[in-house]
Amino acid sequence: MPTPAPAATRMPTLYLSHGAPQLADDPVWPGQLAAWSAGLPRPRAILMISAHWEDAPLALGATRTLPLVHDFWGFPERYYAVQYAAPGAPWLAESVRKLLGGAGTPVQDVEDRGLDHGAYVPLVEMYPDADIPVLQISLPTLDPERLMDLGRKLAPLRDEGVLIVGSGFFTHNLAVLRHPGGVPSWSREFDDWGRRALEGGDIDSLLDFRHTSPAGQLAHPRTEHFAPLFVTLGAADATGELDTRRSVIDGFWLGLAKRSLQFG
């Protein structure tokens with residue numbers, strides 16, 4: 001397959017809260033994601049870093065269309081019937097290898113790994129035609145500073161028309177889903193703290209969020225859903241665009257903050 005021509009416009013870089021399979025049934029959120037993507041330049045390809053794939057050294061997923069990874073349990077059958085047959089992006093995998101290899105970052109190939117729900121659930125809403133090539137890569141670490149460095153290394157892809165997307169959840173504690181009853185105070189407090197830190201450009205506080213944020217241990221008992229934010233921050237920092245940040249989506253879903261951000 002020939003390599004597509006580069007896009008003329010530098011793509012923004014995103015951090016999105018990706019929801020769960022039942023996001024498709026929400027009366028508001030799918031429309032918010034669709035409106036967001038409609039306002040973006042059309043990507044040449046999408047590079048997705050999802051909270052649901054941790055592997056080191058950094059792994060490149062499938063470069064051809066494979067069945068989705070339905071990495072959830074106990075849902076109605078219709079959620080397992082969802083398909084998203086986006087084209088593979090072997091040229092993008094090669095570009096990632098070159099960028100990271102040149103910087104001394106080891107890379108492995110996991111060619112039998114399809115897109116997980118952190119990748120396809122939002123993409124179904126944003127690009128429902130599944131006609132944009134997608135490459136998923138793993139989170140090789142949960143260390144925020146190392147992930148920011150990874151984002152900086154990947155940033156040149158933005159000038160090749162690649163949309164770099166960190167997919168997580170701005171607060172993520174599944175205990176709240178088992179005890180419905182509105183938005184818990186820890187989720188609201190962490191979301192407000194994160195908004196203010198981003199608006200103030202306080203990257204140091206974000207990097208040390210386990211200690212500087214209110215209720216950080218409750219908002220993220222494990223940090224994998226906040227970690228993709230730092231790849232996004234690094235990809236913006238490399239081009240001096242941290243101050244272009246804006247919250248495109250905010251509010252809460254089943255008590256969890258769905259704040260989603262765009263830089264550039």
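## Close-up views of a predicted model

**View 1. A130 is buried in this predicted model, with a relative accessible area of 12%.** Buried means under 20% relative accessible area, exposed over 50% and partly exposed in between, using a 1.4 Å probe and protein chains only. Look for A130 in the loop between α3 and β5 (134-139); helices (H or I, at least four residues) and strands (E, at least two) are DSSP runs numbered from the N terminus. Its phi is near 50°, a positive value in a residue other than glycine. Most residues other than glycine have a negative phi. A note on reading all the views: residues are numbered from 1 along each chain as its sequence is written, and side-chain values use heavy atoms, with hydrogens and water left out. Since the model is predicted, local features need pLDDT of at least 70 and side-chain atom pairs count only at pLDDT 80 or more, while totals for chains, interfaces and linings use all residues.

**View 2. L254 also has a positive phi, near 55°, in a residue other than glycine.** This residue is in the loop between β8 (252-253) and β9 (256-257). Buried or partly exposed: which is L254? With 47% relative accessibility, L254 counts as partly exposed.

**View 3. A cis peptide bond joins A56 and P57.** Omega is about -5° here. Most peptide bonds are trans. P57 belongs to the loop between β2 (45-54) and β3 (58-60). Both A56 and P57 return in the next view, as part of a pocket lining.

**View 4. The second largest pocket has a volume of about 180 Å³.** On a 1 Å grid over the protein atoms alone, a pocket is an open set of points with protein on both sides within 12 Å along at least five of seven lines, a cavity is a set where a 1.4 Å probe fits but cannot get out, and lining residues have an atom within 4 Å of a point. Points are joined across faces, edges and corners, and the volume is the space filled by probe spheres set on them. Around this pocket you will find A56, P57, L58, T105, P106, P140, T141, R146, D149, L150 and K153. Which helix gives the largest share of the lining? That is α4 (residues 144-154), with four residues. By class, the lining has six nonpolar, two polar and three charged residues; Ala, Val, Leu, Ile, Met, Phe, Trp, Tyr, Cys and Pro count as nonpolar, Asp, Glu, Lys and Arg as charged, and the others, Gly among them, as polar.

**View 5. Helix α4 has P144, L147, M148, L150, G151 and L154 as its buried residues.** Seen down the helix axis, they fall within an arc of 155°, so they line one face of α4; the arc is that of the directions from the axis to the C-beta atoms. E145 and R146 are exposed on the other side. L154 is in contact (heavy atoms within 4.5 Å) with L47, V96, L99, L100, I137, I164 and V231, leaving out residues up to four places away in sequence.

**View 6. The largest nonpolar core has 77 residues, and L47, L92 and L154 touch the most other members.** Such a core is a set of buried Ala, Val, Leu, Ile, Met, Phe, Trp, Tyr and Cys residues joined through side-chain atoms within 4.5 Å. Helix α10 gives the most to this core, with six residues.

**View 7. The largest pocket has a volume of about 390 Å³.** Its lining has 19 residues, and A20, F75, H117, L174 and L177 are the closest to the centre. The lining divides into 11 nonpolar, seven polar and one charged.

**View 8. The structure holds one cavity of 30 Å³ or more.** R64, L66, A86, G114 and L115 are the closest to its centre among the 15 residues that line the largest cavity. The volume of the largest cavity is about 130 Å³. Nine nonpolar, four polar and two charged residues make up its lining.

**View 9. H225 counts as buried, at 1% relative accessibility.** Not counting residues up to four places away in sequence, H225 touches Y15, H18, A51, H52, G168, F169, H172 and H220.

**View 10. L123 sits in helix α3 (residues 117-126).** With 2% relative accessibility, L123 counts as buried. Apart from neighbours within four places in sequence, its contacts are I46, M48, Y84, P128 and V134.
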